[in-house]
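Please read the sequence and the model side by side. The paragraphs below lead through them step by step.

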Amino acid sequence: MIRFLNNRNFIFLLAIGFGLALPQPAVWTKLMIMPALALVMTLATINVSNDYFLKPRAILIPSLFGILMTYGILGGVILAAAALLINAQNIWIGFVLIAAVPPAVAVIPFTAILEGNVSYTLSGTVASYLAALAIMPLMFWIFIGTGFADPYKLIRIMLLLIVLPLVLSRIILHCNWQDRISPVRGLLTDWGFFIVLYSMIGVNRDLIFSQPLLIVPIAMVVLAATFILGFVIEKVSVLAKVDKKNRVSLVLLGTLKNQGIAGGLAIALFEKEAALPSAVYSVFMILYIMWLDLRRRWP
């Protein structure tokens, strides 16, 4: 049992199962989404060394490609597919949120697992998070407008989920606490995601069962943004003779978004239905990562 409770895939599947079968506590756990995400982001950004920003030439190309894959390619596909398939306003808002957020924090550890170029992914991820400070409000203004509940709350949330974790991670590195945290870092990250994923599914559980056909167009958009887009990126990268390790980084940066931030923003700023695309995307993301790992193991 302890082994299962330390397994990332089992924890994520447990969150999905509990969210569908036992949704009642989600009313309270949704209040823990922001603190859980701040913790996860702090633990993830420990990977960014203090001298990272002192090497602009080495990180320029992967940084630009990271922003391109996250916002130009993946964000563009999400918005285009959603515009074609989604009619409900709150669901559309949910996809705008997904398109606007930076990459999933999981892209860095999964790059290592899938034997990709970790430095390349790290540069692209950090650049995308910094770019998100400008891109997220801009995309909100263009695709949603300024009519949502509290536009300044978005700024506060971005400070909490992007700026504060970077600052806290610098403090951890400065104090050399990273080695003490290392044994429990993965476990805290996985269970932090458990809170987020469970809450997003739990608060939308009744909607999922009462309107199952609503899930179909959402799933089609997400399928296009993960399995199909990942296949296209990989094939184009092969044709362009991109290094195999860099290819893994491009595929992950071009398919995985930070559903935690998107779902947290949806619940904090909009109707709960706006979190449904993030919940569905999270499920597909887990399946997609499991698929990539399984395919890597094939002889």
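Where is N204 found? N204 sits in the loop between α10 and α11 (205–210). Helices here are DSSP runs of H or I with at least four residues, strands are runs of E with at least two, and both are numbered from the N terminus. This is a predicted model, in which local features need pLDDT of at least 70 and side-chain atom pairs count only at pLDDT 80 or more, while totals for chains, interfaces and linings use all residues. Residues are numbered from 1 along each chain as its sequence is written, and side-chain values use heavy atoms, with hydrogens and water left out.

Is N204 buried or exposed? N204 counts as buried because its relative accessibility is 0%; buried means under 20% relative accessible area, exposed means over 50%, and partly exposed lies in between (1.4 Å probe, protein chains only). Leaving out residues up to four places away in sequence, N204 touches K272, E273, A275 and L276, where contact means heavy atoms within 4.5 Å. N204 and L20 are 184 residues apart along the chain, and their C-alpha atoms are separated by 8.8 Å.

Next comes the chain as a whole. The chain has 15 helices and zero strands. A compact globule of 299 residues would have a radius of gyration near 19 Å, and the chain agrees with this at 18 Å. That radius is taken over C-alpha atoms, and the globule rule is 2.2 Å times the number of residues to the power 0.38. Along the principal axes, the C-alpha atoms fill a box of roughly 50 × 45 × 45 Å. Of the 299 residues, 51% count as buried. Among contacts between residues at least 6 apart in sequence, 85% join residues at least 24 apart.

The accessible surface of the chain comes to about 14,300 Å², and 70% of this belongs to carbon and sulfur atoms. Such areas come from the Shrake-Rupley method with a 1.4 Å probe, and for residues only the protein chains shown count as cover.

Charged side chains are the next topic. The structure holds one salt bridge, defined as a side-chain nitrogen of Lys or Arg within 4 Å of a carboxyl oxygen of Asp or Glu. R205 and D206 form this bridge through their side chains, at 3.5 Å from N to O. R205 counts as partly exposed because its relative accessibility is 25%.

With a relative accessible area of 54%, N176 is exposed.

Helix α12 covers residues 215–239 and contains V216. V216 and L239 are 23 residues apart in sequence, and 33 Å separates their C-alpha atoms. V216 is partly exposed, with a relative accessible area of 42%.

N50 is found in the loop between α4 (33–44) and α5 (56–85). Which residues does N50 contact, leaving aside its neighbours within four places in sequence? They are R170, L173 and H174. At 46% relative accessibility, N50 counts as partly exposed.
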